[in-house]
Amino acid sequence: MRSQGELIVGLDIGTTKICAAVGEVTEEGVQIVGIGHHPSDGLRKGVVVNIESTVESIRKAVQEAELMAGCDISNVYAGIAGGHVAGFNSNGIIAIKGNEITPADKERVLEAARAVAIPQDREIIHVLPQEYIVDGERGIRNPVGMAGVRLEANIHVVTGASAAAQNIVKCAQKADLDVLEMVLEPLASSEAVLIPEERDLGVALIDIGGGTTDLAVFTKNCIRHTYVLPLGGANLTNDISIGLRAPLVDAEKIKQHYGTCASGKIGKDDSIEIPGVGGRKARMLPRQILGEILEPRVQEMFELLDQELWRAGMKNNISSGVVLTGGAVLLDGMAEIAEQVFNVPARIGKPAGVTGLVDMVNSPMYATAVGLVLYGARNQNPGHSRLREKGMFDKLVNWLKKWFKDVV
């Protein structure tokens, strides 16, 4: 854990929203002291497609977090996702020169494991150790200090498109922020929503964002498999827009206020108002239609993820079930459909393990931002994300100056 009083910022750059969370390391753990979010329209399926729009959204989300936390944000841990992200397992083996395994030997075996050929347009985002093997003895978490003549390592490597990663860094820099580290979003979310027992027994974390759905499988406290499905909450909104012949903006509002995946629970007399287009009058439709639109799409998404679990040989490794997080899981009936499709227990994952503004971040939509803060707090490089604290009055004055300048 970092030194007490240090501030860490997580920046979730999503398809539909950009969220910044500020956490302070205290004696009790991590305290959330600021949160800011702003709609995002510069990304598509997790990939930056409009730099200027993304930069502006980042600035507004960060300004809101700065005002609430009373600090000046200069560096962040940024989340990365999208269909370009891919993960695979690898292993390496080395001979031990002395009688005892040293930290240098541990680094050498990790280098041997990550020495795999990847295309020039891709880069390694994470190298995540799964287990070490000393002279055939498996399941070792830290081999340093042990005696042996042969050391092996099994790792999970996460790669992403270099251009996509560079564009995220570029957007942050244009917003006057330094990116300390790029973090895979489901890995960050797992820090906030999974409990140790789930990680040990085996769990599938499903993070449903606006443009993508991220899958991460954990067993024995290690990440075993990652996968990105290029479908998300925006697809649900689009289905509503087409099915009800409503603009996307209105379809999103309808999804948030009346959306449900449990069509069987909808009363026969329940109805919703559909705004008219082009000066036409609003229409009243049975809410059952909305359930019939959303339920098959959600079921299809989960079935595709279930097929991926079978393909990767991970289906039997999720004994503790499935944890759903991300803004889209707020739809009623999500957990029930997940239980039917995956045939294991399912629950909605909300950020936990933090204090402070707990009520404000007590939603699956903040899982990634809070998880990025927790990831940064457990990082091994102390001092890199220390922030320059400012008085609340000074911060408010500066924010008002920026607002007045933008208005004028």
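Let's start inside helix H1, where Thr54, Val55, Ser57, Ile58, Ala61, Val62, Gln63, Ala65 and Glu66 are buried. Buried here means under 20% relative accessible area, exposed means over 50%, and partly exposed is in between, with a 1.4 Å probe and protein chains only. Helices (H or I, at least four residues) and strands (E, at least two) are DSSP runs, numbered from the N terminus.

Before I go on, the ground rules. This is a predicted model, in which local features need pLDDT of at least 70 and side-chain atom pairs count only at pLDDT 80 or more, while totals for chains, interfaces and linings use all residues. Residues are numbered from 1 along each chain as its sequence is written, and side-chain values use heavy atoms, with hydrogens and water left out.

Back to H1. An α-helix has 3.6 residues a turn, so residues three or four places apart point the same way. Keep that in mind when you look at the buried list, including Thr54, Ile58 and Ala61.

How far apart are the end C-alpha atoms of H1? They are 27 Å apart. H1 covers residues 51-69, and its 19 residues at 1.5 Å a residue should span 27 Å, so the two agree. The expected span is 1.5 Å times one less than the number of residues.

Now the two ends of H1. At the start, a side-chain oxygen of Asn50 comes to within 3.2 Å of the backbone nitrogen of Glu52. That is a polar contact: a pair of N or O atoms within 3.5 Å; within protein, one must be able to donate a hydrogen and the other to accept it, and residues adjacent in sequence count only if both atoms are side-chain atoms. After H1 comes Gly70, with a positive phi near 70°.

Next, the sheets. Strands of a sheet pair through backbone hydrogen bonds, either parallel or antiparallel. Two strands count as paired if DSSP finds at least two bridges between them.

Take the 4-stranded one. It is an open sheet in the order E8-E11-E9-E10, with antiparallel pairing. Which strands stand at its edges? Strand E8 (86-95) and strand E10 (137-140) do, each with a single partner strand, so one side of each has no neighbour in the sheet. Neighbouring strands are turned by 35° against each other on average, direction ignored. For such angles, axes are lines fitted to C-alpha atoms, for helices over the stretch in contact, and angles run from 0 to 180 degrees between N-to-C directions.

Look at E11, residues 150-161. Of its 12 residues, 11 are buried. E11 pairs with E9 (residues 122-134) over 11 bridges, antiparallel. It pairs with E8 over 10 bridges, also antiparallel. Thr159 of E11 is the bridge partner of Ala86, and Thr159 is the bridge partner of Ile124 as well. Leu151 in E11 stands opposite Val134.

The other open sheet has 6 strands, in the order E12-E7-E1-E2-E3-E20, with mixed pairing. Its edges are strand E12 (178-184) and strand E20 (354-356), each with a single partner strand. Strand E3 (residues 29-39) and E20 run parallel, joined by 3 bridges. Gln31 has Thr355 in E20 as its bridge partner.

On to strand E18, residues 322-325. Val322 and Leu324 point one way, Val323 and Thr325 the other, and all are buried. Strand E13 (residues 203-208) runs parallel to E18, with 4 bridges. Leu205 stands opposite Val323. E18 also pairs with strand E19 (residues 346-348), parallel, over 3 bridges. There, Val322 has Ala346 as its bridge partner.

Most residues other than glycine have a negative phi. Lys220 has a positive phi of about 50° although it is not a glycine. Asn221 has a positive phi too, near 65°. Lys220 lies in the loop between strand E14 (213-219) and strand E15 (222-229), and Asn221 lies in the loop between E14 and E15. Lys220 is exposed at 52% relative accessible area; Asn221 is partly exposed at 35%.

Last, cysteines. How many disulfides does the structure hold? It holds 0, counting a pair of cysteine sulfur atoms within 2.5 Å as a disulfide. Cys222 is buried at 7% relative accessible area, and Cys261 is buried at 1%.
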